[in-house]
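The sequence and structure are shown first.

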There are 2 protein chains.
Amino acid sequence: MPKFFVKEENIFEDRVMIVGDDARHIGRSLRMKIGDEITLCCNNTDYSCRIASISDTAVRADILSKNKTQAEPDISLVLFQAVPKSDKLDFIVQKASELGAVKVVPVITRRCVSRPDKKVFEKKQRRLQKIAEEAAKQSGRGIIPEVGGIIDIKEYYDMLKGFDLNLLCYEGGGKRLCDIDLLKSAKSISLFVGSEGGFDENEAEEAFKRGATAVTLGDRILRCETAPLCAISIIMNITGNI
Amino acid sequence: MPKFFVKEENIFEDRVMIVGDDARHIGRSLRMKIGDEITLCCNNTDYSCRIASISDTAVRADILSKNKTQAEPDISLVLFQAVPKSDKLDFIVQKASELGAVKVVPVITRRCVSRPDKKVFEKKQRRLQKIAEEAAKQSGRGIIPEVGGIIDIKEYYDMLKGFDLNLLCYEGGGKRLCDIDLLKSAKSISLFVGSEGGFDENEAEEAFKRGATAVTLGDRILRCETAPLCAISIIMNITGNI
């Protein structure tokens, strides 16, 4: 069944209003009709609805039932990703959204070859946000993962305190994910993955000093876009979310 | 250090000969010189070598030491992948090779939209084999994963007997990978992932009858190219290979 995310202000006692591009999309592209069923989602709640009226600007859907979104993980995993080359970030945002991350934050590290200006990145950020929304709809998420603005590594260091557990995938070696006991109980987790060149030793050491745990993904050298998907898959498995 | 795969016939007591495209690539593209070190690999053995002579047709490298390839998993995982649309198979072969699969076999199932002819697929197979080799070099594998010719699902059924454990990712529900006890001891594993439309119920049931285990990858609906990477990552983690 098609799924769309709606804002809280558009949910009423017995009905949901869908406005903007989604309304047009439902009527024109999907060719949905009055009486068709649709899932609308807001803040981790799925509303099973039946379409009551359709126009190019608004769709009214009557609520049949509401339930907590089944597919949303019970951990809050934020991926900090050192900015990779070309369009690899598109791919990472899409896959991280499917696999259950709540946020992807691009970080400029010393070894990043691609170093977009924060201001210039804003346009790309909007595009990445759309990719996250599409992936969230398709995979049945309960929220749309957020794509953050670009930050430098100092800002990452300052954010570490906000998480129960901070993981950094380090080619210099570390613990296997299944050997990190705290992973089974942590509710908020940050995961930091390097760009093509990995992490500068000093940058990684600074993160470890501030409490981050070095993680190894084994002896094979994974590409910078493969590593986050591999790590998120394993984390979601260990925490019972895959 | 650059890594190349060589054939057994080109390994001698104290030296390795590199011939063909790789020889040209070493001298021209990588601009390597006499005295440079290089890793040459054959059948899960890494030879650390020093280049002794270079021409466009042959490179001679003297063996400094030889070791079992560290990065090769100790399980033999074959991915059976129902043929997806567009160029997703390129992506799947690349990532499965990095993550440690020994073979990728494309399978035609009832719900495949893309249904290439076996003969027509041969050209694509050669291209996919090159992708596997590149990924194997880059990730430090001990073998080049094989890309099989396209088969139909009946041929898949006949191959199930050859594995210690057969897994099929099923959207109709199944066991979580970490709950499959045999996974910890199985040495040869087959993993079957559907195309965009998933598996036809009868097709899946036939596999289960023949001993395949239904596997769930959780409540989120993963795209057909995300599911194999997620499953391989988790299998490699559970078996101690990531």
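## Domains of chain A

The centres of domain 1 of chain A and domain 2 of chain A, taken over C-alpha atoms, are separated by 33 Å. The model is a predicted one. In the domain assignment of chain A, domain 1 covers 3–68 and domain 2 covers 76–238.

## The interface between the domains

Eight residues of domain 1 of chain A make contact with eight residues of domain 2 of chain A. Between them, domain 1 of chain A and domain 2 of chain A bury about 610 Å², and 57% of this lies on carbon and sulfur atoms. Of the area that domain 1 of chain A buries against domain 2 of chain A, 77% is supplied by Lys3(A), Phe5(A) and Asn44(A), more than by any other three residues.

Zero salt bridges are counted between domain 1 of chain A and domain 2 of chain A. Polar contacts do occur across this interface, in three residue pairs with both residues at pLDDT 80 or more. On the side of domain 1 of chain A that touches domain 2 of chain A, strand E1 (3–5) and strand E3 (37–42) of chain A each supply at least two residues. The largest share of that side comes from E1(A), with three residues. By class, the side of domain 1 of chain A that touches domain 2 of chain A consists of four nonpolar, two polar and two charged residues.

Glu37(A) and Arg50(A) form a salt bridge, with their closest N and O atoms 3.2 Å apart.

## The interface between the chains

The size of an interface is often given as the accessible area lost when the parts come together. For chain A and chain B, the area buried is about 3000 Å², and carbon and sulfur atoms give 50% of it. In chain A, the residues that lose the most area to chain B are Arg220(A), Arg223(A) and Ile242(A), which together make up 25% of what that side buries. In terms of contacts, 35 residues of chain A meet 35 residues of chain B.

Four salt bridges are counted between chain A and chain B. A salt bridge joins the side chains of Lys95(A) and Glu225(B), at 2.8 Å from N to O. Polar contacts across the interface of chain A and chain B number 26 residue pairs, both residues being at pLDDT 80 or more. Helix H2 (88–99), helix H3 (118–139) and helix H6 (226–238) of chain A each supply at least two residues of the side of chain A that touches chain B. H6(A) gives the largest share of that side, seven residues. The side of chain A that touches chain B divides by class into 14 nonpolar, eleven polar and ten charged residues.

## Symmetry of the two chains

Two copies of a chain are related by a rotation about an axis and a shift along it.

Note on methods: Residues are numbered from 1 along each chain as its sequence is written. Chains are lettered from A and ligands numbered from 1 in the order in which they are written. This is a predicted model: local features need pLDDT of at least 70, side-chain atom pairs count only at pLDDT 80 or more; totals for chains, interfaces and linings use all residues. Side-chain values use heavy atoms; hydrogens and water are left out. Domain bounds come from an automatic or database domain assignment. Contact means heavy atoms within 4.5 Å. Buried area is the accessible area (1.4 Å probe) that two parts lose on being put together, summed over both. A polar contact is a pair of N or O atoms within 3.5 Å; within protein, one must be able to donate a hydrogen and the other to accept it, and residues adjacent in sequence count only if both atoms are side-chain atoms. Helices (H or I, at least four residues) and strands (E, at least two) are DSSP runs, numbered from the N terminus. Ala, Val, Leu, Ile, Met, Phe, Trp, Tyr, Cys and Pro count as nonpolar, Asp, Glu, Lys and Arg as charged, and the others, Gly among them, as polar.
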